[in-house]
Amino acid sequence: MDWEQLDLNPRIIEAVRRANLKSVQKLLSLSGPELQKLTKLSVADVHRLQKSVSASLKNNAMTTALQMSCEKSLFPSQHVKLSLGCRVLDKLLRGGIPLVGITELAGESAAGKTQIALQLCLSVQFPIEYGGLGAGAVYICTEDAFPSKRLHQLIYCQHKLRTDVPADVMKKIRFGDNIFIEHTADIDMLTECITKKVLLLLLRGSIRLIVIDSIAALFRSEFAAKDSVLKAKHLQTLGAKLHSLSSQFNTPVLCINQVTDAVREVHGIQSNLGMVDKRVSPALGISWSNQLLMRLMVERTQQIAPQSCDGSVLRTMEVIFAPHIPPATCYYMVNAEGVRGLEGIE
């Protein structure tokens with residue numbers, strides 16, 4: 001802090017320097033008597049000092065929610081979203097995946113989680129005017145091998161899925177060269193990958209999307225039920241690292257999560273006949289949930305899409321919570337071209 005900028009008597013400024021107070025934060029953290037003892041100033045001088053420092057902070061005007069909503073050009077991270085590459089799904093998510101924060105995609109096997117993640121890895125490479133961020137993605141696998149054959153199929157069919165993108169723009173993007181794949185076998189490897197390799201790619205501007213598939217696999221294998229406190233600490237540390245990268249580089253983080261069986265009582269009373277409502281809930285519990293900005297649940301249904309939609313199996317995407325979206329649900333299907341949302345299906 002340059003104390004000369006404050007409207008104070010030079011005598012007071014010199015006393016502050018002799019006390020080795022170098023920052024506003026340090027000065028304001030001290031009480032009046034503590035400042036008197038350090039600076040050897042009178043009560044009146046200390047009061048003037050505190051008042052002047054507080055007034056200097058007021059010059060840094062606060063930003064209101066209304067300003068952030070109206071002045072979109074000044075706050076791009078609040079308004080720009082990463083498109084899912086589908087108009088219907090983007091409509092459900094109010095534009096797509098937020099740039100800052102962790103988005104969780106949870107669901108059972110075959111619900112389409114990996115398909116959505118792969119589509120996002122391609123979508124992020126499009127220019128901003130077509131819903132992308134003009135950069136690549138890093139895909140961190142924790143259990144299964146990376147689905148390279150499916151990725152190549154999606155790349156080959158991009159011109160069919162993204163009919164909104166001109167052919168000349170599509171040809172300029174080398175989709176396969178901009179997806180960086182990493183396999184991690186334990187939590188230490190995952191942490192090192194995020195803090196070193198992913199950070200380097202972000203600093204170079206090579207990527208603008210981080211995908212972890214899946215976040216629960218490592219924690220389930222390394223921690224027993226009795227280690228819940230230790231597991232919670234590791235989850236909080238991991239969440240903090242991901243939040244830091246996301247905030248610093250305006251980079252979306254997508255974490256695919258597994259689910260566990262959950263038993264809920266019907267109308268608050270569990271029947272002796274076993275009349276309970278069985279559903280699944282995302283793994284890792286409340287410690288991980290507190291790290292999330294948005295949680296999405298996907299599910300494979302028993303319904304078949306109309307023949308006009310090529311008769312694929314219907315799946316649902318549900319917004320469980322998000323600060324900017326009310327709970328909502330949308331049908332979608334997965335075919336050779338990718339993930340497509342469907343409207344008008346009851």
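Student: Which ring does the charged end of Arg162 sit over?

Tutor: This is a predicted model. In it, the charged end of Arg162 lies over the ring of Phe126, at 4.6 Å from the ring centre. The assignment requires CZ of Arg to be within 6 Å of the ring centre and within 35 degrees of the ring normal.

Student: How is a pair of aromatic rings described?

Tutor: Two quantities are used: the distance of the centres and the angle of the planes. Here the count comes to 2 aromatic pairs. One of them joins Tyr139 and Phe146, with 5.0 Å from centre to centre and 75 degrees between the planes. Because planes over 60 degrees apart count as edge-to-face, the pair of Tyr139 and Phe146 is edge-to-face.

Student: Are Tyr139 and Phe146 buried or exposed?

Tutor: The criterion for buried is a relative accessible area under 20%. Tyr139 has 0% relative accessibility and therefore counts as buried. Phe146, at 10%, also counts as buried.

Student: At what angle do helix α8 and helix α9 pack?

Tutor: Helix α8 covers residues 113-123 and helix α9 residues 148-156; they pack at about 50 degrees, with their axes 10 Å apart. Angles under 35 degrees count as roughly parallel and those from 65 to 115 as roughly perpendicular. The two helices, α8 and α9, are therefore oblique to each other. Their crossing is right-handed.

Student: Which residues of α8 and α9 meet?

Tutor: From α8, the residues are Gln115, Leu118 and Leu122; from α9, they are Arg150, Leu151, Leu154 and Ile155.

Student: Where is Arg94, and what is its phi?

Tutor: Arg94 lies in the loop between α7 (87-92) and β2 (97-98). Its phi is near 55 degrees, a positive value in a residue other than glycine.

Student: Where is Asn250 found, and how accessible is Asn250?

Tutor: The loop between α14 (228-249) and β7 (253-257) holds Asn250. Phi of Asn250 is near 50 degrees, again a positive value in a residue other than glycine. With 26% relative accessibility, Asn250 counts as partly exposed.

Methods. Residues are numbered from 1 along each chain as its sequence is written. This is a predicted model: local features need pLDDT of at least 70, side-chain atom pairs count only at pLDDT 80 or more; totals for chains, interfaces and linings use all residues. Side-chain values use heavy atoms; hydrogens and water are left out. Rings of Phe, Tyr and Trp (its six-membered ring) pair if their centres lie within 6.5 Å; planes under 30 degrees apart count as stacked, over 60 as edge-to-face and the rest as tilted. Buried means under 20% relative accessible area, exposed over 50%, partly exposed in between (1.4 Å probe, protein chains only). Axes are lines fitted to C-alpha atoms, for helices over the stretch in contact, and angles run from 0 to 180 degrees between N-to-C directions. Helices (H or I, at least four residues) and strands (E, at least two) are DSSP runs, numbered from the N terminus. Angles under 35 degrees count as roughly parallel, over 145 as roughly antiparallel, 65 to 115 as roughly perpendicular and the rest as oblique. A crossing is left-handed if the near helix is turned anticlockwise from the far one by less than a right angle, and right-handed if clockwise. Contact means heavy atoms within 4.5 Å.
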